[in-house]
Amino acid sequence: MSDPLLIRSIYVLAFGLAAVICVAGTVSVRGLSHPDIRRGLGGLLGLSGLWSLSTAAQLATSSPLAQRVFHLAGLIAGLSTIVAWVVFAAAYTGRSYHRQRAFQIGSVALLAVIIGVKLTNPLHGLYYTTTAATTPFSHLQFRYGAIHWFVTGIVYTVTFVGFGWLFQSFERGDSRPTVLYALVGVTALPLVPYILSPSVEPLLQINYEPLGVAVFAVGILRYARTEFASHSSPGLSTLADSVAVGGLVLDSSATVIAYNDEATTILDRETIPRRPLAAIDDGLASIPPGDTGHRTYTVGGRERTYEVTRSPIDDEAIAEEILTLKDVTRVSRTERLVRLNRDLTDELLDTPEPWAVIRGVPERMAAIDAYDLVWLVPVAAVDPTVTDRSLSADGGPADHDGGRQFRTDTDPVAGVVAGAATGYAEWVADDTPAAEPVVEATTTGTASHVAVDETDAAWSSRAAGNDITDSLAVPVGFDNQQAFVLGVYTTAPTGFDAVEREVIEEIGDSVPQVVSTIETHEEALQYEEAMKHAGVAISITDSDGVIQYVNPAFEELTGYSAAEAVGSTHRILNSGEMSDQHYKQLWETITDGDIFEKQVINRTKDGDRYILQETISPVTNDDGEPEAYVAVQFDITDKLLREQRLAVLNRVLRHNLRASVNVITGQTGLLEDRVREAIGPDALPAAIEDSLQTVRDRVEHLHSQAETAREIETVLADDPGEHTWESVETLCETATETAATFEASCVCDVDGEIDDRRVDSEVTRIVEELVENAISHHDRQPSAVEVRVTLSVAGDDLLLTVADDGPGLSEQELVVIEDGAEEPLRHGSGLGLWMVNWLAIACGGSISATTGDSGTTINVRVPLRGAAESTPSDPPVDPDWMANGS
């Protein structure tokens, strides 16, 4: 072909047609849904068309200046296509470089520098030079310098980076984009005519790249609208990478069309093929769209729990839904701990054997992931005065953050993990091994021991070798029982977090609290049962005085049933006879936390008046504030009546008895005198004399009983706090002196060293009465009577024994000692033994007796006191003596 015009026309037509096609393609780009892809591909087509159009204009004109201008415009447009290409490739493969401010500024700056070099080429001629050519038609021939080829190298490098992104995207989708390979090859075709142009006519030695880029851009447009959609979807990688957890993008048929790197790690795959989700993981596919489920995967050698959520995507043109896998291992672990804590509480409340549940705590905790070793260790080597139960590796108190959180370099539970085994190390304090653990639970291996001199560094090395990252020791203290430490070891990469520690510590606290609650409840049931059977009326009110509980005795005493009383106040018992000042004093006393005790007059439901001794005790909280009140009522109506009757009878009988005795004594004397006057100087007849003597004896007996009654009244009226004390050795003196008064003999034996001990001074009265009673009731003359008194020590008591050889006590007298009560047909003949019995009881002692043909033995047991100069039980010092200082 030698026609210059024809050749020029073909070149102009070829580049012009490429320009038209590219410009037309920019219109078709509007059908693409992704805006960045649309902008990138539209820019690529538009700039490619401008490049081709500039080249066509350059070849069409014959003016050298115009050719230079059009050539320079084409170079600028061609350089700019690389920016559009990067935007398209990045957007299509889900990258965001084109949106980064640094990329944008850098691109503009680089283009400006290169364009500046090109525009100033007429000055320096470093970018290209021109020569005139006449064949096959007149045109300027451009020869490029090193800068041009350097820029070209940069352009192609960036171009192939974009290709790499595309190929990587398709590879992740397990696709083979054959057309894309072909399009990449098209970009190399412009080199062929350029290389052949020196030897083949009529090929011009010009830049044919606009044609290749135009063909590539149009091909990409077609490919993006057809085959690209079958390999991936615009922005899917961005969507998958935008989630901070594992992500899979699904289309309408639940086929995986995009994913992120975290998803490949979780599913243990290098790539995730473009396959239906069920073919990749049927567990994930079993979760319905829009729902959330949980799946467990082994990641990094450890089981981890993931929350799987399938969420719809608003832009269905991009994809149908996104599936996320969120690591909730720690949250799940905490939830299981919370559930375990709740279950333990329920089980402890339901079971009759709480300790069986407690022993199972380590095993149940070890079933939770990351807790490879858990045990419950008795605190045998811990100082019980130390409130903080945490231990360091040497068994002593530890000083760590929070007192409960420990790192492996100072392991508080002294645990050790060696090789594939887990074990228990002895706790030591002062080189003394502590108790073995009550319970230990391990996930693998058998128990082993470690020498007590093993260092923290050795422990840390062993722990690290078995993935132990942290240990936690939580005190578990039970009221009045063995204390424990709950030792927990974790393999979680970050150890225990704050919430996890809090829940484990709560288990350590709640278990003892529940056990204490159970024991308190059982005690409350026992107390309630005791109150039910108590013989006194008991009622419990809240802090406002509203009755919350009454026992059966309260119901019987007041006539109000529990249903009627509970919810009411004690006003229902108000008789109207107690003053307002009484109730004011009552409330002031109990609200101050003190006990109120007083005699009160109340009225029953039926209106009967009764007198009671009432005691009201406040139940206070930790702050000392009353939160309940317990009222105990003793009905003393009958007791007061008896006391009043006895007081009256005692006064009347004692006064009248003495008066009558005096009258009888006087009248007996007068009677004897008148009888003697009547019969003269003769002796009184025996019968009269006997009658008079009988009267005298009876009067003397009545007088003696009246004096004894007076003594008893005096004894019983004495204040125990004012009693005096006598040395034991004076008892023998009292016994012998009393016997000598009646011209009898008394032998006193002392068994043991008791001379420096003392007894209540009333014991001397007991000795006097018993010796006198033994002599008086003997059937022989006093001079022939022998009484034996023995003093011996029986523990902390003095045993006083008075024995005689008389006829023995009658059955009527024994009733006083044996029963301590009288009946109409079975009673004592006098008051002497009653006084002895009452005196013994008043001294804190007791009395017993044996009688027979050989005589009577009476035993009195009373408490012994210490020596006067050393005993802490000495009587109180006279305050007046203290005041006088003498």
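Is Leu-189 exposed or buried? At 52% relative accessibility, Leu-189 counts as exposed. The cut-offs are these: buried is under 20% relative accessible area, exposed is over 50%, and partly exposed lies in between (1.4 Å probe, protein chains only).

1. **What kind of model this is.** This is a predicted model, in which local features need pLDDT of at least 70, side-chain atom pairs count only at pLDDT 80 or more, and totals for chains, interfaces and linings use all residues. Residues are numbered from 1 along each chain as its sequence is written, and side-chain values use heavy atoms, with hydrogens and water left out.

2. **Confidence.** pLDDT is the predictor's confidence in each residue, from 0 to 100. The protein chain has a mean pLDDT of 76. In that chain, 76% of residues reach 70 or more. Among its elements, helix H14 (residues 282-285) has the highest mean, 93. Strand E12 (residues 428-429) has the lowest, 26. Helices (H or I, at least four residues) and strands (E, at least two) are DSSP runs, numbered from the N terminus.

3. **Stretches to read with care.** Over residues 381-455 the pLDDT is below 50. Beyond near neighbours in sequence, this stretch still has 174 contacts in the model. A contact means heavy atoms within 4.5 Å. Residues 868-886 also have pLDDT below 50. That stretch has ten contacts beyond near neighbours in sequence. Where pLDDT is low, the predicted coordinates should not be read in detail.

4. **The patch around Leu-189.** Leu-189 sits in the loop between helix H7 (178-186) and helix H8 (191-196). Together with Leu-191, Val-192, Ile-195, Leu-196 and Val-200, Leu-189 makes a nonpolar surface patch of about 520 Å². Patch residues have over 30% relative accessible area and no salt bridge; like charges are joined within 9 Å, nonpolar side chains (Val, Leu, Ile, Met, Phe, Trp, Tyr) within 5 Å. A salt bridge is a side-chain nitrogen of Lys or Arg within 4 Å of a carboxyl oxygen of Asp or Glu. Accessible areas come from the Shrake-Rupley method with a 1.4 Å probe; for residues, only the protein chains shown count as cover.

5. **Aromatic pairs.** The structure holds eleven aromatic pairs. In one of them, the ring centres of Trp-85 and Phe-163 are 5.1 Å apart and the planes stand at 65 degrees, so the pair is edge-to-face. Rings of Phe, Tyr and Trp (its six-membered ring) pair if their centres lie within 6.5 Å; planes under 30 degrees apart count as stacked, over 60 as edge-to-face and the rest as tilted. Trp-85 is in helix H3 (residues 64-92) and Phe-163 in helix H6 (residues 146-172), so the pair ties together parts 78 residues apart in sequence. Both residues are buried. With Phe-88 and Phe-160, Trp-85 and Phe-163 form one aromatic cluster.

6. **Backbone points to check.** Most residues other than glycine have a negative phi, and most peptide bonds are trans. The bond from Thr-135 to Pro-136 is cis, with omega near -10 degrees. Pro-136 lies in the loop between strand E1 (128-133) and strand E2 (139-144). Asp-268 has a positive phi, near 55 degrees. Asp-268 is exposed, at 67% relative accessible area. Ala-370 also has a positive phi, about 80 degrees. Ala-370 is buried, at 6% relative accessibility.

7. **Val-695.** Val-695 lies in helix H24 (residues 686-717). Val-695 is partly exposed, at 33%. Not counting residues up to four places away in sequence, Val-695 touches Ile-664 and Thr-668.
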